[in-house]
Amino acid sequence: MQKLLIEGGHELSGEVHISGAKNSAVALLPASILADSTVTIEGLPNISDVDTLGELLEEIGGSVSRDGQDMTIHPEKMVAMPLPNGRVKKLRASYYFMGAMLGKFNKAVIGLPGGCYLGPRPIDQHIKGFEALGAEVTNEQGAIYLRANELRGARIYLDVVSVGATINIMLAAVKAKGQTIIENAAKEPEIIDVATLLTNMGAKIKGVGTDVIRIDGVSSLHGCTHTIIPDRIEAGTYAIAAAAMGKEVVIDNVIPQHMESLIAKLREMNIDIESHNDQLYVARSNPLNSVDIKTLVYPGFPTDLQQPFTTLLTQAGHSGVINDTIYSARLKHIDELRRMNAEIKVEGGSVIVSGPTQLEGAKVKASDLRAGASLVIAGLLADGVTEITGLDHIDRGYENLTAKLSSLGANIWREEMTESEIYQDQNT
Ligand SMILES: CC(=O)N[C@H]1[C@@H](OP(=O)(O)OP(=O)(O)OC[C@H]2O[C@@H](n3ccc(=O)[nH]c3=O)[C@H](O)[C@@H]2O)O[C@H](CO)[C@@H](O)[C@@H]1O
Ligand SMILES: C=C(OP(=O)(O)O)C(=O)O
């Protein structure tokens with residue numbers, strides 16, 4: 001087990017290349033189950049969620065080979081193997097095996113997923129969709145059992161706008177008989193990416209990127225090659241790090257249109273940020289204005305950047321107020337930031353960050369993926385050395401974080417933990 005160390009105070013400059021989007025990758029790989037022939041996904045991020053999904057595809061009989069950032073999946077010998085336990089609990093997106101296996105085999109047994117704990121993360125809307133398509137769904141000892149004689153298209157109104165439910169219902173519906181209409185669908189770029197893959201496999205999908213998606217079921221889907229979109233959350237994390245500590249940082253391989261809410265907020269803070277083709281240029285300017293943030297479904301400000309943004313607000317004058325309307329309990333980074341001298345209050349559903357504050361290095365723990373990102377940015381800003389544990393969370397979503405930040409000039413490295421450090425870490 002390793003810990004991450006950061007000696008703060010080093011300016012960032014240079015260019016960083018953004019990897020493929022985690023939240024696309026984790027849906028594109030299960031989507032390959034639906035094909036009758038070989039699917040290649042190009043540009044995958046090298047993160048543990050992708051490794052775990054590759055292993056799960058093998059567990060159900062797929063043959064999977066990896067060549068750098070590309071993964072080739074041969075789905076021909078896949079079977080409806082039950083996955084009630086084990087790897088499915090290591091990540092959130094294993095829930096896409098429900099939609100994909102139901103769509104392919106008319107049955108599936110999948111354990112309830114893991115992933116970041118952000119407060120309760122129900123999957124009732126996924127289940128509502130599967131049932132509307134004709135599946136019988138039961139929860140037996142923590143695993144979801146799905147069975148259908150045949151799936152039939154249906155009109156499904158989502159009570160909450162959900163990325164996971166929208167994608168999962170699409171996966172189950174592409175081979176259902178007749179037309180499925182998903183109303184109040186989510187519009188995230190990753191959903192468009194998954195629909196693009198499915199369309200290239202032969203699916204008939206209209207309206208992705210709007211809140212009404214229409215799917216006309218087809219009897220079979222074939223293989224294809226698909227290139228993933230860049231990770232707007234990884235790019236946003238580097239943009240926030242550059243806003244905190246950047247002299248001149250170029251963030252390469254981004255789709256700036258996917259990042260408009262963040263770019264607008266950074267500009268309001270007085271950060272110098274410009275986009276050109278697939279690059280963002282970010283530099284810190286002084287003083288930083290504080291801003292208020294409300295997280296919303298896309299194209300609103302993403303909840304996945306709320307925690308890193310909290311750290312940036314510690315550097316701004318006066319108080320900024322954050323309301324996470326998607327995950328109101330996504331607050332576990334706050335106590336850790338306080339250990340580093342941040343002035344943050346939680347009142348009702350609002351997080352109030354005061355600044356500017358000189359952060360101090362401390363021993364802190366990442367409770368989830370983006371809490372980890374917020375602590376890394378705090379470490380870059382802090383006086384002295386920050387030690388971060390809980391790296392398994394960070395490794396789920398950030399490819400080569402240490403190397404990427406080092407190349408920008410950060411003093412950051414990983415060390416093996418001693419047995420007593422591991423013991424202490426596990427008991428705090
Ligand atoms: C693997 C992946 O893509 N993860 C992302 C996905 O998670 P995930 O797909 O789990 O998030 P959702 O979009 O489904 O959740 C949005 C909101 O709807 C609620 N909800 C969701 C489903 C449901 O059946 N019932 C229900 O009440 C959730 O509790 C949450 O408050 O979108 C989140 C919101 O942008 C991001 O933070 C995650 O990074
Ligand atoms: C919450 C996240 O991921 P997951 O849904 O995979 O837990 C995230 O990427 O910030």
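This is a predicted model: local features need pLDDT of at least 70, side-chain atom pairs count only at pLDDT 80 or more; totals for chains, interfaces and linings use all residues.
**View 1. The shell around ligand 1.** Ligand 1 has 20 residues around it. Asn23, Gln125, Ser162, Val163 and Gly164 come nearest. By residue type, the shell divides into 10 nonpolar, six polar and four charged. Why does ligand 1 lie between domain 1 and domain 2? Domain 1 (2–19 + 230–426) gives residues to the shell, and domain 2 (22–227) does too, so ligand 1 lies between them.

**View 2. Cysteine 116 and its contacts.** Cysteine 116 sits in the loop between β6 (107–111) and α4. Is this cysteine 116 buried or exposed? Cysteine 116 has 20 C-beta neighbours inside 10 Å, so it counts as buried. Leaving aside residues up to four places away in sequence, cysteine 116 touches Arg92, Asp368, Leu369 and His393. An unreviewed UniProt entry annotates Cys116 as "modified residue: 2-(S-cysteinyl)pyruvic acid O-phosphothioketal".

View 3. Strand β19 covers residues 343–347, and strand β20 covers residues 350–355. The two strands pair in the antiparallel sense, over five bridges. Isoleucine 344 has valine 353 in β20 as its bridge partner. Two residues lie between the strands of this hairpin. Which residue of the hairpin takes a positive phi? Glycine 348 does, with a phi near 60°.

Definitions and conventions. Residues are numbered from 1 along each chain as its sequence is written. Chains are lettered from A and ligands numbered from 1 in the order in which they are written. A residue is near a molecule or strand if its C-beta atom, placed from the backbone, lies within 6 Å of it. Ala, Val, Leu, Ile, Met, Phe, Trp, Tyr, Cys and Pro count as nonpolar, Asp, Glu, Lys and Arg as charged, and the others, Gly among them, as polar. Domain bounds come from an automatic or database domain assignment. UniProt positions are given in the numbering used here, feature names are shortened, and annotations may be inferred rather than shown by experiment. Helices (H or I, at least four residues) and strands (E, at least two) are DSSP runs, numbered from the N terminus. A residue is buried if 20 or more other C-beta atoms lie within 10 Å of its own, exposed if 12 or fewer, and partly exposed in between; C-beta atoms are placed from the backbone. Two residues are in contact if their C-beta atoms, placed from the backbone, lie within 7 Å. Two strands pair if DSSP finds at least two bridges between them.
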